[in-house]
Amino acid sequence: MAHSAMSGNGTTAGDDPLQTAVWRLRSRACWADAAALLPPDTPALALQRATLLVERCLYTERGWEEAEDALRTAEALAHTDEERGAAACERGQLAYAATLHGVRDRADEARAALGRAAALIAPGAAGRALLDFRRGLLAENLSRSPQAARAAYRRAHAGATAHADPLLLSFTWRHLAGLALREGELTEARHGFAESLRIREELGYLVGTAPALASLADAESEPEASRLREEAGRLFRLLGGVPTWLARQLAPPAPGAATA
């Protein structure tokens, strides 16, 4: 998720030193520390701070009140359609995360917020790709509509490519691959998961590398699958059990259980 208020988002040489520091903390699951570096005194910085804290909720299942506070600040500072649309997109993501993790059913709020964002963010704008991706998440995980999810992910993938957003591309590759795997398209799934992993390793997105390894393992045969899961487990433990939901995917099969 790029933020254009400063030079770059910290993932490449020559980016603003503050953004580089924020990225390093974020990529190592230190969202609160990264957010603390950002004074919420401009719309862009307030939004970036909210984005970090919303992401923490999704990965750790905690910090909900801090994310709500940061999001309210970002919403209050937003003045342009683009700023209001970006804040609405984060509002939708927070409501989605709360619903996904069973904190509270906020699915209607998530859909409404992303609908507002769609009305405010112009087609072809940089923020549209992220919005499309998040609408895909809702379609896949809340509405249980894989066809709608695939269409949204493909739009997001095209937008991320057009705006050179490699981190978002790592997400679209992974989720498109997940849909392919569900349909038994192993070659397509392996390719997508491998691309997601490659991008995350190149960016140094450590907190996203374990999920990428685990996903690729699901599409591989033995012994490669076990090697990938072991590496994912090592990173998962290194980061203190984050993302929390990965624990279920890495859990060994029950004794006597059938394996794919």
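## Two cis peptide bonds

P223 is placed in the loop between α11 and α12 (224–238). In this predicted model, the peptide bond that runs from E222 to P223 is cis, and its omega is near 5°.

A cis peptide bond is also found from V242 to P243, with omega near 0°. The loop that holds P243 is the one between α12 and α13.

## Positive phi angles in loops

A29 is a residue other than glycine, yet its phi has a positive value, near 70°. This residue belongs to the loop between α1 (17–27) and α2 (31–36). Is A29 buried or exposed? A29 counts as buried because its relative accessible area is 18%, and the limit for a buried residue is under 20%.

R144 is not a glycine either, and its phi is positive at about 55°. The loop between α7 and α8 (146–162) contains R144. With a relative accessibility of 63%, R144 counts as exposed, since the term applies to values over 50%.

## The largest pocket

Rolling a probe the size of a water molecule over the atoms shows where empty space is left. The largest pocket of the model holds about 890 Å³ of space. Its lining is made up of 33 residues, and those closest to the centre of the pocket are L137, N141, R174, H175 and W245. Two or more lining residues come from each of the elements α3 (43–60), α5 (81–100), α7 (126–141), α9 (166–182), α10 (186–203), α11 (206–219) and α13 (246–250).

Which element gives the most to this lining? The answer is α9, which supplies eight residues. Sorted by class, the lining of the largest pocket consists of 15 nonpolar, eight polar and 10 charged residues.

## Salt bridges between helices

Side chains of opposite charge can pair when their charged atoms come close. The structure contains 21 salt bridges. One of them joins E66 to R56, with 3.8 Å between the closest N and O atoms. This pair links distant parts of the chain, as E66 is in helix α4 (residues 64–77) and R56 is in helix α3, 10 residues apart. The two partners can be described by their accessibility: E66 is partly exposed, with a relative accessible area of 41%, whereas R56 is buried, with a value of 9%.

A salt bridge also forms between the side chains of E68 and R91, where the N to O distance is 2.7 Å. Here too, distant parts of the chain are linked: E68 lies in helix α4 and R91 in helix α5, 23 residues apart. Both E68 and R91 are buried. These two residues also take part in a network of salt bridges that links E68, D69, R72, E75, R91, R106 and E109.

The side chains of D108 and R111 meet in a salt bridge, with N and O 3.7 Å apart. Where do D108 and R111 lie? Both are in helix α6 (residues 107–120), three residues apart, which is about one turn of the helix.

D108 is exposed, as its relative accessible area is 63%. R111 has a relative accessibility of 35% and therefore counts as partly exposed, a class that lies between the limits of 20% and 50%.

How values were computed:
Residues numbered from 1 in each chain as written. Predicted model: local features only at pLDDT ≥ 70, side-chain atom pairs only at ≥ 80, totals over all residues. Heavy atoms only, no water. 1 Å grid on protein atoms, 1.4 Å probe; cavity = no way out; pocket = protein on both sides within 12 Å on 5 of 7 lines; lining within 4 Å. Points joined across faces, edges and corners; volume = space filled by probe spheres on them. Helix = DSSP H or I, 4+ residues; strand = E, 2+ residues; numbered from the N terminus. Nonpolar A, V, L, I, M, F, W, Y, C, P; charged D, E, K, R; others polar. Salt bridge = Lys/Arg side-chain N within 4 Å of Asp/Glu carboxyl O. Buried < 20%, exposed > 50% of the residue type's maximum accessible area, 1.4 Å probe, protein only.
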